[in-house]
Each structure stands twice: as structure tokens, then as C-alpha cells.
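Please look over the chain shown below before reading on.

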Amino acid sequence: MGKIVFISILVMLLLVNGTAENSLSDTFDIFGELESLDLEDDEIEFSDLPSWSSQHGSKILVNVDTFGAAGDGVTDDTKAVQNAWTQACSTAKSVLLVPPGRTYLVNATRFKGPCAGKLIIQLDGTIVAPDEPKEWDPKNPRNWLHFSNLSGATFQGRGVIDGSGKKWWAASCKKNKTNPCVGAPTAFTIDQSSAIKVKGLTFQNSQQMHFVISRCESVRIYSVVVSAPEDSPNTDGIHLTGSTNVVIQNSKIGTGDDCVSIVNASSNIKMKNIYCGPGHGISIGSLGKDNSTGIVSKIVLDTAFLKGTSNGLRIKTWQGGSGYVKGVRYQNVKMDNVANPIIIDQFYCDSPKSCKNQTSTVEISQIMYQNVSGSSKSADAMKFACSDTMPCNNIVLNNIDLERLDGKTAQTYCNSVTSINYGFIQPSANYLTSSDKSFIEENE
């Protein structure tokens, strides 16, 4: 009912804002399209998939132990896991089983499709990475477990993907400025794949990013846990790049970087029932680094709880970039002790050197914040640091209630932003047009 009322408000705003009619019409249209990202019934049925055993007659079970895996966490099981993958991928109706109660030491490996049929990877044990950066495979410096060219594959189970990242973190220049700034492996990547389902897995202690979805179409991620210490550098939880039609639901993420990060060429993304913390919040970007183009659109976060994060709902872009972020809806979000609960930063600069001022930037428009409440540990509960040459426009605020954790008055920082505000807004954001204010007063 709340959605209907608010969309009705937007429709009526179209009628009273003649000078901004086209812009507001575009805003309304794209927010309407975002409604279609709601979950489908068949996706929910994914939780009913059974646990597999050797007695399952309708499936062909391929157990990594059968191929000589020791499962003791010490012996190198890479070859056994590779051979099991080759067998399962080439056989229709296969289930690749990593059995429970065992730990498999696996080095950097690429698991390539296409496979014969819709492969199920039943991961109930633990897969652990070698813990020594100096002994890492130089042929795969940025990947540990890399899956590509799959269609209709399912990754499920109660297993753990453990990146053994402690020594990698210690070698990072973000932990010690005397260290060289070099990349580290991503723990788990799904690349150039479609119709993928991931359910129930735990990703922990990644060398760098935990779980990357790259250049994929139609991915469903349910009930995953991502965990790393708060001070582990660059350990993003779930990172989306170049991907469309992705759902992340009922998941708990706490790392040393963004809980979820969404970057260039990603659209139609829905996140629902997300717990985030510790970490850097839920981020779009960064985009536009090194004068690059970044395009992100049609993003929904519905029902989330953020606790103790260094940012909340964040959009971050570098100066000098191009492209756009538009059609983003954040709704039903609660914050507990969060710095920068709502932030748009078009002056992002994650660099040891200062970033030079540039006039071009990634355009930001049609961003909705609805029913966002809780406590801020920063003075600015809302911060819109937008470009003077390309202001943020059509930023919609509806029912915002953010208070300082220390009891002081929360503030809003605004630079070059236009908005549509409706309902209770705390802290106040006094940059409405007179026609907007008149309409709201008449209809309260």
C-alpha cells in the first residue's frame, strides 16, 4: 500500500512541476520498471532442492573422494578436484559432491564450461586455499576458484570457501604503507555464465574480494554468509560487474570492505533481506576511475539492516569519468551506528595521492530513498557531494528518520543536488523547489 501511495505522489508531482515535466516523467517511468524486479515463485522453490547421496537414482553422483582427494586440509587435492570437475561437467545429470566433515586444500584453479546439462555442485565440506602468498600460482595471480561459461549450474550446500587471507592482508599497502600495492586473488568468481543459482554457502577470509559475479545474466544468490575481519583490506563481500538480472536475498555479509559493490555495466539488480556489517556499506561504484565510463541502472535494495559500517547506502564516483547511475531505489533500511548512512560522493579518491579537480563526471539521477531510519555516528547523516558541472538530480527522499548516536543534531550536507521530498525528513534537507513544497503542504 505504501508503494502505491508514494508512486501516486510522484504522478501528481508530474502535474504540478511543468518546467521539470520531462525529467520527473523519466523518474516515474524508471521507478515503475523497478517494480518488475520482484522475486518470482520458481526462485523461492530453490530451497527445496534435496541433499544428494549415492542412492539418488535420478542423478549421477561424482564424489571428489573417488578421484583420490584426501580431504585432510594438508594434502594438495587440486588434481583430484579438477578431475572430478571434468567428469561431472562432461556427464549429463551430474552432481559434483564435496562431502561434509572434510577439508580440501585446493590451489588456484579454473573450472570451465560449457557442461553437459545443468550441473549441480553440492558443496558440504570445506575448500581451503594455500595460505602463503609467495607460493601462489603465478599463472593465476588474481583468481583462486574461477568458474566460467556455465549455463543452468547450481552451487549449493552448507560448505565453506575459505581463502586463508591473513598473510595476504598483512602484505597489503593498506595495512602497511611500506608494502608495495599489488593485487590479490578473488576467492570465488563466476564469469560469463547464465541462469546460475547459489544457495547456503559460506565464504570467508578471502585473499581480496570474496565472491565476484562477472559478465553474467540471471543469477540468484540465496542465504549465503560472507565473513572476514573488519580490518581485512579490499575484502568486498559480493561484487557485481558487467552483470544483469541478479537477485541477492536473505544473506549476511560482514567484511573489511563493501558488503555489496556494484560496478560498470550492471543493471536489474535486486537485493532483499540483507544484513551488512562490519564493512563499508552497500555501494554502487566506484565508477569513472582513470577517466573511464561507468554505467549502472535499475538497482533495488529492499529490507536491509546495516550495523557499525563506515558507510551506509553509498554511490561513489571519481572525477573525470563519464556515464551514469540512474534508477536506484533504497527502501525499508535500518541503520545502527553507521557513518554516512546516506551518501553520494562524486569526489571519491581512494588514492595515496590527491586527485586533481576535473569537470567531467558520472551523472547521477533518479535515486529514491524511502523508509530509511536509525542512528548515525557521523555528523552528516545525509551527504550529497555532487559535481558543480553535473549536479545530482531527481533525488527522491520519502520518510527518512536518521539521528545522531551521541544525541547531537544530525545534519545534511548538500552540494549541487535537486530533490523531491515527501513525508517526514530528518535531518532536514531544505533544497526543495517552491512548487514541490506547495504541493506537499496542500496534500498532507
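The sections below describe a predicted model.

## Overall fold

In this predicted model, the protein chain is made up of 444 residues, of which 53% count as buried. Its secondary structure comprises 6 helices and 30 strands.

## Enclosed space

How many cavities of 30 Å³ or more does the structure hold? There are 2 of them, and the largest cavity contains about 130 Å³ of space. Its lining consists of 14 residues, with Val81, Phe111, Ile121, Ile127 and Phe147 lying nearest the centre. Strand E3 (94-98), strand E6 (120-123) and strand E8 (143-148) are the elements that give two or more residues to this lining.

Sorted by class, the lining of the largest cavity has 14 nonpolar residues, with no polar and no charged ones.

## The largest pocket

The largest pocket holds about 1,300 Å³ of space. It is lined by 47 residues, and the closest to its centre are Arg142, Lys174, Gln208, Asn234 and Asp350. By class, the lining of the largest pocket divides into 16 nonpolar, 19 polar and 12 charged residues.

Several elements each supply at least two residues of the lining of the largest pocket, namely E8, helix H5 (166-170), E11, E14, strand E17 (238-241), strand E21 (282-287) and strand E23 (313-317). The largest share of that lining comes from E11, which gives 3 residues.

## Aromatic pairs

A pair of aromatic rings is described by the distance between the centres and the angle between the planes. The count for this structure comes to 14 aromatic pairs. Why is the pair of phenylalanine 155 and phenylalanine 188 edge-to-face? The ring centres of phenylalanine 155 and phenylalanine 188 are 5.6 Å apart and their planes stand at 85°, so the pair is edge-to-face, given that planes over 60 degrees apart count as such. This pair links distant parts of the chain, since phenylalanine 155 is in strand E9 (residues 154-156) and phenylalanine 188 is in strand E11 (residues 186-191), 33 residues apart.

Phenylalanine 188 also forms an edge-to-face aromatic pair with phenylalanine 211, at 5.3 Å centre to centre and 80° between the planes. Here too the pair links distant parts of the chain, with phenylalanine 188 in strand E11 and phenylalanine 211 in strand E14 (residues 211-214), 23 residues apart. Phenylalanine 155 and phenylalanine 188 are both buried; the relative accessible area is 1% for phenylalanine 188 and 0% for phenylalanine 211, which is buried as well. One aromatic cluster is formed by Trp85, Phe111, Phe147, Phe155, Phe188, Phe203 and Phe211, and of these Phe111 and Phe147 are also among the residues nearest the centre of the largest cavity.

## Three single residues

Is alanine 88 buried or exposed? Alanine 88, placed in helix H4 (residues 78-89), has a relative accessible area of 0% and is therefore buried, the limit being under 20%. Apart from its neighbours within four places in sequence, alanine 88 is in contact with Val62, Ser94, Leu96 and Leu119. The C-alpha atoms of alanine 88 and isoleucine 60 are separated by 8.3 Å, although the two residues are 28 residues apart along the chain.

Serine 172 is found in the loop between H5 and E11 and is buried, with a relative accessible area of 13%. Leaving aside neighbours within four places in sequence, its contacts are with Asn179 and Pro233. Asparagine 399, by comparison, is found in strand E28 (residues 392-404) and is partly exposed, with a relative accessible area of 33%. Beyond its neighbours within four places in sequence, asparagine 399 is in contact with Gln370, Asn371, Val372, Tyr422, Gly423, Phe424 and Ile425. The C-alpha atoms of asparagine 399 and glycine 423, which are 24 residues apart along the chain, are separated by 5.0 Å.

Key:
Residues numbered from 1 in each chain as written. Predicted model: local features only at pLDDT ≥ 70, side-chain atom pairs only at ≥ 80, totals over all residues. Heavy atoms only, no water. Helix = DSSP H or I, 4+ residues; strand = E, 2+ residues; numbered from the N terminus. Buried < 20%, exposed > 50% of the residue type's maximum accessible area, 1.4 Å probe, protein only. 1 Å grid on protein atoms, 1.4 Å probe; cavity = no way out; pocket = protein on both sides within 12 Å on 5 of 7 lines; lining within 4 Å. Points joined across faces, edges and corners; volume = space filled by probe spheres on them. Nonpolar A, V, L, I, M, F, W, Y, C, P; charged D, E, K, R; others polar. Phe/Tyr/Trp six-rings, centres within 6.5 Å; stacked < 30°, edge-to-face > 60°. Contact = heavy atoms within 4.5 Å.
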